[in-house]
Amino acid sequence: MVNFGKKLMADQVDDWKGLKGSSFFCCNNKAILPEGLRNWENSAPLFWNNMIFHKFLNYVTHREVGRDLIKLLRFIDMNATGIRKILKKFDKRFGYRFTNYYVTTRANHPYSQLQQVFKQVGIVAVVGALSRNLEYLQHHQGSFISIYDHPSVILKDPIIDQVNHAVQKLTHATNFMQFLGQHALISQEDAQSGSEDPVDDQSYHFMSLLLNLVNTFLYMVNTYIIVPTADDYSVSLGAAATVCGIIIGSMAVAQVFSSVYFSAWSNKSYFRPLVFSSIMLFFGNLLYALAYDLNSLTVLLIGRLLCGLGSARAVNRRYISDCVPVKIRLQASAGFVSASALGMACGPALAGFLQTKFKIYSLTFNQSTLPGWVMAIAWLVYFLWLWLTFREPEHLTKTAIKPEPSESGKLSTEKKDGSPVIFCMKIGHQGIANLEDGLSQPLILGRDQIQEENTEDNDDNDSGWSHEPARSIASAYRLLTPSVKVQLLIYFMLKYAMEILLSESSVVTTYYFGWSTSDVAIFLAILGLTVLPVNAIVGSYITNWFEDRQILFASEVMVLLGIIMSFRFTPHYSIPQYVTSALITFVFAEVLEGVNLSLLSRVMSSRLSRGTYNGGLLSTEAGTIARVIADATITAAGYLGRDLLINVTLLPPLVISIVSIVATFYTYNTLY
């Protein structure tokens, strides 16, 4: 609430002063905006003899109306944020029961002032008319911009983007690119906040960004390329087919530790972690390929462990967050998720093409070893490309000088040498005197008090010296509210279910249906290819019709349904049952992942958006631990026999899914 008060004081405009309520301001401005659009029409006959001046006046008038509209939207957004925070505080004090009653009894009541906050049909109509008129004025032939009859390319007016951004922020609308970007849990700065982008176009290097995305793609290919053949490889080395769980999961075991040191390493460098990642993955895949001729399961597992130690996803995510300009960060985040999804689909598909066998000297090349050889060559090429073209970003650290208290107890405005201290603070529309009057006593708290207040309220929209990143696992854990813990549990559950489905697919389909390696590869590739279309439908349409928490709850129920359908209830286990249940589980787990990470980014403390122990690292660790446990479950269940494998491995995700649904029900009112 402290940071919200600061933002309210910094962003308010003169029109807000002396207002008794939001309804009066909204009604007044809703009447003024259409009047402004009509004013230019009334004055048009005076200027028919000067069409250029008329078009110019028309254009300027529309821009002024757009600025007034932005003020109105900002005012309504500030009121909506205030209502949300106040209700959130009441929920914490009264056991999460007040919000639903308050909103349901007042949001649709004809005499409620909340109508002005929640019902914005009139404003949206004005936005549409304003956008169409400005677009017409800019692109209409003979406009005032082409004074000298020279054609020119007219860019979209910035006022339209600002208005659309304000409307989108107010209504919580989303689109496909935003939905993909939220998967990455990468901090997206508010374009309207006015904060300076620390990354300028000169320091941004596109090739370095591309190398990070390629690293993400290759790593996901490396993870899933062995899934169709891991059971055959383990059998050829004298182990049981279900040992494929250990083979696949050993990479995730190492990733649990590599994510932490890569995240810490990225505080100092991006180039060296990526070089180290390439080297580890090259030698890891080399050992994986040589294990067949050495007839050693130990060498194979060491190779997979080395691959896991080369997981640089934390570096890839951190590079996008810190080294990509704000204006393209959303596209880069979407690219990160798309690269992961495509890698997940291409891995099994590539394994399906490697169905051959030959020897070169004493080295064997077959469907089991070729994935290792192919990926080793791919990482070698990537290493050379990285070494030649990657550019370490320039870390321009802008250290703000903190005011020190003087002997009298007041803040000093001078340095020790007598020169004035310059405070980098956004004053907005208010002067320094007004800001000091508003923030003098009530909002100036001690450092510990502000951190405690911010931790409790979860203000994610503000940043400052009180929002230092977590310095340890313990401090990060203390920032986890019940809502955050539930979202991490949901993420754990969906990753567990997906890993069980993917890792045991080769064993299950071979045992029950007699599928070949190519059949398994095609099946897994089809599952992977559903990721982007499903996200496109959810991000472009579903999230505009329903709240994220509603989609979250429905997706959890559907994942539970898919898990139940996967159980073998009769001696005969049919292909339609397996394929249908797998599609339901996988597709709705993907939907659940996107909505889950979206909500996680909202309810998580802003102190977890930066630093080594950030929200992305926590979600990665939760998902990786889930994969490790799931793969270990497959191997352990194998000792009970293949006939019981599918039912035994599905019991844990069934229980966790039910627990997550119950936990979501109890924290439902905190998911804004």
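Predicted model: local features only at pLDDT ≥ 70, side-chain atom pairs only at ≥ 80, totals over all residues.
Residues are numbered from 1 along each chain as its sequence is written, and side-chain values use heavy atoms, with hydrogens and water left out.

Let's begin inside. A search of the whole structure finds five cavities of 30 Å³ or more. By cavity I mean a set of points, on a 1 Å grid over the protein atoms alone, where a 1.4 Å probe fits but cannot get out; lining residues have an atom within 4 Å of a point. A volume is the space filled by probe spheres set on the points, which are joined across faces, edges and corners.

The largest cavity has a volume of about 500 Å³. It is lined by 30 residues, and Met-220, Arg-313, Tyr-491, Lys-495 and Glu-593 are the closest to its centre. Among the elements giving two or more residues to this lining are helix 9 (206-224), helix 20 and helix 26. Helices here are DSSP runs of H or I, at least four residues long, numbered from the N terminus. By class, the lining divides into 14 nonpolar, nine polar and seven charged residues. For these classes, Ala, Val, Leu, Ile, Met, Phe, Trp, Tyr, Cys and Pro are nonpolar, Asp, Glu, Lys and Arg are charged, and the others, Gly among them, are polar.

Next, the second largest cavity, at about 130 Å³. Of its 14 lining residues, Ile-500, Leu-501, Glu-504, Ser-566 and Leu-650 are the closest to the centre. Helix 25 gives the largest share of the lining, four residues.

Now to a pocket, meaning an open set of points with protein on both sides within 12 Å along at least five of seven lines. The second largest pocket has a volume of about 270 Å³. Its lining has 11 nonpolar residues, no polar ones and one charged. Helix 26 gives the most, with four residues. Among the lining residues are Val-260, Tyr-477, Phe-492 and Glu-621.

On to the salt bridges: a side-chain nitrogen of Lys or Arg within 4 Å of a carboxyl oxygen of Asp or Glu. The count comes to five. Which residue does Glu-499 meet in a salt bridge? The partner is Arg-627, at 3.5 Å, N to O. This pair links distant parts of the chain, with Glu-499 in helix 20 and Arg-627 in helix 26, 128 residues apart. Glu-499 is buried, at 3% relative accessible area, and Arg-627 is buried too, at 10%. Buried means under 20%, exposed over 50%, and partly exposed in between, using a 1.4 Å probe and protein chains only.

Another salt bridge joins Asp-322 and Arg-318, at 2.9 Å, N to O. They are four residues apart in helix 14, so about one helical turn separates them.

Last, the surface. Ile-537, Tyr-541, Trp-545 and Phe-546 make a nonpolar patch of about 500 Å². Such a patch takes residues with over 30% relative accessible area and no salt bridge, nonpolar side chains being joined within 5 Å and like charges within 9 Å. Phe-546 sits in the loop between helix 23 and helix 24 and is partly exposed, at 44%.

Key: Areas by Shrake-Rupley, 256 points an atom, 1.4 Å probe, with all protein chains shown as cover.
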